[in-house]
Amino acid sequence: MTGFSPRTKQILQVLLEQEQEISVKYLADRIGVSKRTVQRELGSLGKSLEEYGVSFHSRTGVGVWLEGGSREREALAAALGDAGAYDASNREERRRRLILEILKEKGLKKLFYYSSQFGVSEATISADLAAAESWLEQYDLHVSRKPGSGVNVEGTEENYRRAIRAFISENIDTKTVKEAYEDNPSGNYDILDSISRILDGEVVKRVMECIMRVDNPLIRTLTENSYVGLVIHISIAVNRILKNETIDEDGQWENGNRDDVYFLAEALAKELEKEFEIKIPKMELSYICLHIRGSKHEKIQWDTATGRSIGSEEIRRLVNRMIDAFGGERVYLLKQDEEFIQGLLAHLQPTLVRLMGGMRIQNPILEDIKSGYSDTYRRCLNVSAVLEEIIGKEVPEEETGFLTVHFGAALVRLEGRNEKIRKVHVGVVCSSGIGISRLMASKIEHVFQGRINVVTYGKNDVTPYVEGKTDFFVSSISVDAADTPVVYVNPLLNESDMDRIRTMIFQYERLPEINGETEGFSEELEEINIMAAQINAVIKYMDLFKVDNYITFDELLIAIGEKLSPYRDRGEMIQEDIRRREKISSQIFAEFGFALLHAGTKGVVRPSFNICMTKDLKSFKDPYFKEIQAVFVMLLPVDGHARINREILGYISSVLIDDPAFMDTVLTGDREAVRSALSIHLKKFFNMYLSKI
């Protein structure tokens, strides 16, 4: 049964328990959501119940109820199952759910309540409570047992929220939270159910809508994990404010620093106040500021005040002390390693904000770090001690783990200078091979320049031949690789992802060259010929055309279809394929000033690269385009040269970001000047391609 969401299941289970009408308020209280949320869910029940022979009824002033024979009601109950079903004999699962129940409502509950809830004895629940207590103690929450009254949780509101955030991070796959709350969730009910057990899922969705309405570069550049963390942080705050639970104001985080982050937090607060009809206290505003400052961005923001109480020069001196504390023979070399210094400086910016704000970060590879780099981790404990002395706060082991990765990578790089190493062959995979994969490849090449050869592939390009010449793949999607390792990553390549890639590169640098299959000379000549022909076609047929400043996205697709194909049916194919790709994830990159519309389509017979601009060469005015000045259109034909075509267009994708001069040429609107610049870049690409054959 796939037609019922987790909340609908809960509603139906409560209704099936009743022998008579019940009020919507009672129903809402039973499942812990608002009346409005229940009413919205009830409005869609009718047709969903028809196949079970059960009908839903409501009457003003009377209540709501289900009608149906006992056999039909039993069939519905069996189909629904238990939305909270679990194996009572599974101790870890039972204890996890006990913590969840405690966090849902920290008021007094008797042991009998929990034993009935989980179907075990009070003695078993008492033992489980001891285990739950040790988890809660990490967040300065204390379980108080009062004979005759029950169990209570004591602690500040701030620590209570920290515990909720930690529980969500530990038990919910946050990567899919955003997808789960899109307008068309792809059946991801497990995630919705898990969150709705501790937060009102409707609040989460409305919070996301508020954040989207505040269209701010600081939001757009957040990594996916940081974005989800912000959503969860604000959702918890709103849930608690709606219950009249607010953090005590002590002035600790209030300051006169009205910078970009402050104005963003203020704009978010105004949207939230309007949406939920609440008042956001100054202390809550300060905590939103703190959370944003401690978040990770795709690009490090050095140009504005960041809320640190330590200046940039002081941070450099701090880095120097940290390296001294690390100790060992290579301290001097570490201080000369600019790549290491810059990486550590960038890492410390959000780290200091988190530590001074008492914010915890998850480190999913902590145990691997401790076991695989035990000596480096031990020495990094001394590094953390320096941080603790400076800021007067304890440094969690998760943060020490990330420091270990930075120091360990630098040591590996220094050791490599005295070893015989080779270039590593890395394949970057995404569904198409020209969009996200090229952006990922550019970042990897920038970080590991000179150490790797990177080739981008579409998912269907990963053949035994490709595997044979690739050391390992990096991918954000599932890859069917039989014998070649795959490092699965976030498309935005966060710090943890880069650390795992760094480890793989270090390993393969020191292994003998792979013995992949070698194509015969005639096959190489044939491929070179095809590559040359496709490059020539891209240059020859490149066009730059202009449209009205106020054109909409749909109107632009029509113009693209008509411009790139004289045949109506093929033009419509181009429109539909670009539209389908845009729905997966928008390709409007406001931070770069352009859109990169790309797709594989039967509407073209050769790889094509075209540019669309406005008639006055100024920005597109329709809000959808976010004031960009150029739209690049890249189309892949559906033919037997997919890999070659992707390499060509993928290289052009990287040029758009890596070479500002090319973008400057585009903005002149001079078609032939752009063609000339494109020819220079593709000549360079062809020469590099020949050197690898």
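**Exercise 1.** How many salt bridges does the count come to?

*Solution.* Keep in mind that you're looking at a predicted model. Start with the idea: side chains of opposite charge can pair when their charged atoms come close. Next, apply the cut-off, a Lys or Arg side-chain nitrogen within 4 Å of an Asp or Glu carboxyl oxygen. By this rule, you get 21 salt bridges.

**Exercise 2.** Take the pair Asp-461 and Arg-646, and work out which parts of the chain it ties together.

*Solution.* First, check the distance: the closest N and O atoms of Asp-461 and Arg-646 are 2.5 Å apart, and the two form a salt bridge. Then find their places: Asp-461 sits in the loop between strand E6 (452–458) and helix H24 (464–468), while Arg-646 belongs to helix H29 (residues 642–658), so the pair ties together parts 185 residues apart in sequence. Finally, look at accessibility: both Asp-461 and Arg-646 are buried.

**Exercise 3.** Asp-543 and Lys-563 meet in a salt bridge. For each partner, decide: buried or partly exposed?

*Solution.* The N to O distance for Asp-543 and Lys-563 is 3.4 Å. Asp-543 is in strand E9 (residues 543–547) and Lys-563 in helix H27 (residues 553–564), 20 residues apart. Now use the cut-off: buried means under 20% relative accessible area. Asp-543 has 17%, so Asp-543 is buried. Lys-563 has 44%, so Lys-563 is partly exposed.

**Exercise 4.** Which helices does the pair Asp-554 and Arg-579 link?

*Solution.* Asp-554 and Arg-579 form a salt bridge, with their closest N and O atoms 3.4 Å apart. Asp-554 lies in helix H27 and Arg-579 in helix H28 (residues 568–584), 25 residues apart.

Terms used
Residues numbered from 1 in each chain as written. Predicted model: local features only at pLDDT ≥ 70, side-chain atom pairs only at ≥ 80, totals over all residues. Heavy atoms only, no water. Helix = DSSP H or I, 4+ residues; strand = E, 2+ residues; numbered from the N terminus. Buried < 20%, exposed > 50% of the residue type's maximum accessible area, 1.4 Å probe, protein only.
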